[in-house]
Amino acid sequence: MSRKGYVLTLDITIALMIVLGVLFLSAIIINNAQTGTFLEMQQVRLANDIITVLDERGTLQSLNSSLINSTIQEILPSTFDISMTIKTYDYDIGSQNFIYKNRTKVSGVTNETDRFIGQGKRTFVKFSGTGVANYSVLEYNVWVK
Amino acid sequence: MMVKGKKAVLISISLLIICLAILSYAVIQSDYRKNIVRESTEMSAIDRANSIVSGVQTSVRKIVSMSGGVNISVNGMSAVFKETLGSGASNFDEQLSRYKRFLETFTDKTNLTIGNSGGLILNILPANIAYTHPSGTGGQTIKLVAGSSNYSQYDIDAFVPGGKLIDLAKCAASITPGTKKLDIIIIDALDRSCEYSGTFDPASAGYVTANTTTNEKISVTIPAGTYGDVIIEDINKIGVAVTTNVTLLISSWTRPAVVMPGANITVNLSAYGVTDIESVMVA
């Protein structure tokens with residue numbers, strides 16, 4: 001009789017281990033698949049919209065990092081943060097080449113997190129009179145604070 | 001004893017089925033989320049391409065506005081063009097060509113195709129009305145040509161601030177009726193001459209009206225099927241600021257857009273299997 005009880009306990013223990021194992025495995029499978037959501041896409045779209053506003057307003061063309069930063073803080077939802085690097089080039093008529101002029105860095109108010117960082121690129125031009133004064137390439141990072 | 005054994009087997013089978021169901025659910029969820037990840041990666045790639053395209057659209061629009069000398073916007077069902085005729089030869093082609101080189105040098109996998117050279121040609125969609133400059137941007141002439149008839153009619157309002165328009169009613173009276181071409185010459189008030197070529201009679205058809213009180217505005221109505229070309233010209237070459245509104249009367253609710261025909265932006269993000277080809281829209 002006591003041997004029967006022992007076997008029964010062992011049986012239940014093994015059964016429980018199998019059930020818990022399956023549950024644990026299922027949890028791992030679901031968790032592993034949880035990277036990459038539509039929120040991440042929204043980050044890139046949001047950054048794209050912000051950069052477009054800055055370009056349309058002419059703020060980017062100022063190449064003034066503090067002005068750009070303050071404008072971003074005005075229009076960016078408080079849960080997000082953006083940093084950007086702008087490389088500016090002049091056109092040399094003689095050599096017909098683009099000559100590197102300077103780099104403008106705009107940092108976010110928080111450090112970039114170890115979470116998803118959306119990235120993008122955009123070009124813009126600055127005019128002087130009826131001609132383009134310089135050409136810029138902007139690269140941005142956007143993340144959730 | 002037998003009954004107890006059967007019960008145990010039943011419980012074991014039930015537990016097994018529950019476990020399999022949970023595992024299956026996890027696998028299905030995993031596949032579903034993997035699909036979401038794949039789709040969101042592709043959509044992110046499209047967004048990245050869109051970010052590049054959006055920058056190119058803005059830059060080209062500024063080049064058209066600053067170097068081409070035409071400020072273009074869309075207001076309701078109207079495409080609005082503001083420019084000064086006779087302001088001198090523009091460096092539009094050179095500026096656009098430089099921007100193309102810059103874009104293709106500094107943005108990987110991006111290509112700007114320019115459909116035409118030698119002047120700014122624009123197309124008003126969806127009616128396919130060409131807005132062109134036969135003597136080049138900064139020249140004396142604007143020409144509007146209807147390319148298709150997927151509209152009921154379109155109206156052209158030309159404004160010249162300061163009352164520099166001629167009295168169009170007098171001009172219209174000198175036209176022989178019957179042709180399909182209408183030329184309107186806008187000149188400075190110093191020389192109040194006017195000229196229509198062709199035999200389309202805007203006066204008899206009632207298609208042309210002018211604000212004779214201030215002499216600031218001409219309105220032209222072109223019904224579908226009449227193929228009326230409209231030429232607006234600063235004949236004295238003294239420089240006339242003109243605002244041209246092209247208002248479409250179309251059956252659909254499609255908003256007008258102004259594009260550069262034959263010009264495309266191609267962004268090829270091959271790593272993501274995404275190629276985005278967009279026409280160059282300037283308004």
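# Exercises on a two-chain predicted model

A:Val22 lies in helix H1 (residues 2-32) of chain A, where helices (H or I, at least four residues) and strands (E, at least two) are DSSP runs numbered from the N terminus. This is a predicted model, in which local features need pLDDT of at least 70, side-chain atom pairs count only at pLDDT 80 or more, and totals for chains, interfaces and linings use all residues. Residues are numbered from 1 along each chain as its sequence is written, while chains are lettered from A and ligands numbered from 1 in the order in which they are written.

**Exercise 1. Describe the side of chain B that touches chain A.**

Step 1. The contact involves 39 residues of chain B and 37 residues of chain A.

Step 2. On the chain B side, helix H1 (2-66) and H2 each supply at least two residues. The largest share, 28 residues, comes from H1(B).

Step 3. For the classes, Ala, Val, Leu, Ile, Met, Phe, Trp, Tyr, Cys and Pro count as nonpolar, Asp, Glu, Lys and Arg as charged, and the others, Gly among them, as polar. The side of chain B that touches chain A divides into 16 nonpolar, 17 polar and 6 charged residues.

**Exercise 2. Characterise the packing of H2(A) against H3(A).**

Step 1. The two axes come within 11 Å and cross at roughly 125 degrees. Axes are lines fitted to C-alpha atoms, for helices over the stretch in contact, and angles run from 0 to 180 degrees between N-to-C directions.

Step 2. This angle makes H2(A) oblique to H3(A), since angles under 35 degrees count as roughly parallel, over 145 as roughly antiparallel, 65 to 115 as roughly perpendicular and the rest as oblique.

Step 3. The crossing of H2(A) and H3(A) is right-handed. A crossing is left-handed if the near helix is turned anticlockwise from the far one by less than a right angle, and right-handed if clockwise.

Step 4. From H2(A), A:Ile50, A:Val53 and A:Leu54 meet A:Ile68, A:Thr71, A:Ile72 and A:Ile75 of H3(A). By class, this contact has 6 nonpolar, 1 polar and no charged residues.

**Exercise 3. Locate A:Leu63 and B:Lys109, and state the phi value and exposure of each.**

Step 1. A:Leu63 is in the loop between helix H2 (38-57) and helix H3 (65-75) of chain A. Its phi is near 55 degrees, a positive value in a residue other than glycine. A:Leu63 is partly exposed, with 17 other C-beta atoms within 10 Å.

Step 2. B:Lys109 is in the loop between helix H2 (92-106) and strand S3 (110-113) of chain B. Although B:Lys109 is not a glycine, its phi is positive, at about 65 degrees. B:Lys109 has 15 C-beta neighbours inside 10 Å, so this residue counts as partly exposed.

**Exercise 4. Identify the residues joined by a cis peptide bond in chain B.**

Step 1. The bond joins B:Leu125 and B:Pro126, with omega about 0 degrees.

Step 2. B:Pro126 lies in the loop between strand S4 (122-125) and strand S5 (129-132) of chain B.

Key. A residue is buried if 20 or more other C-beta atoms lie within 10 Å of its own, exposed if 12 or fewer, and partly exposed in between; C-beta atoms are placed from the backbone. Two residues are in contact if their C-beta atoms, placed from the backbone, lie within 7 Å.
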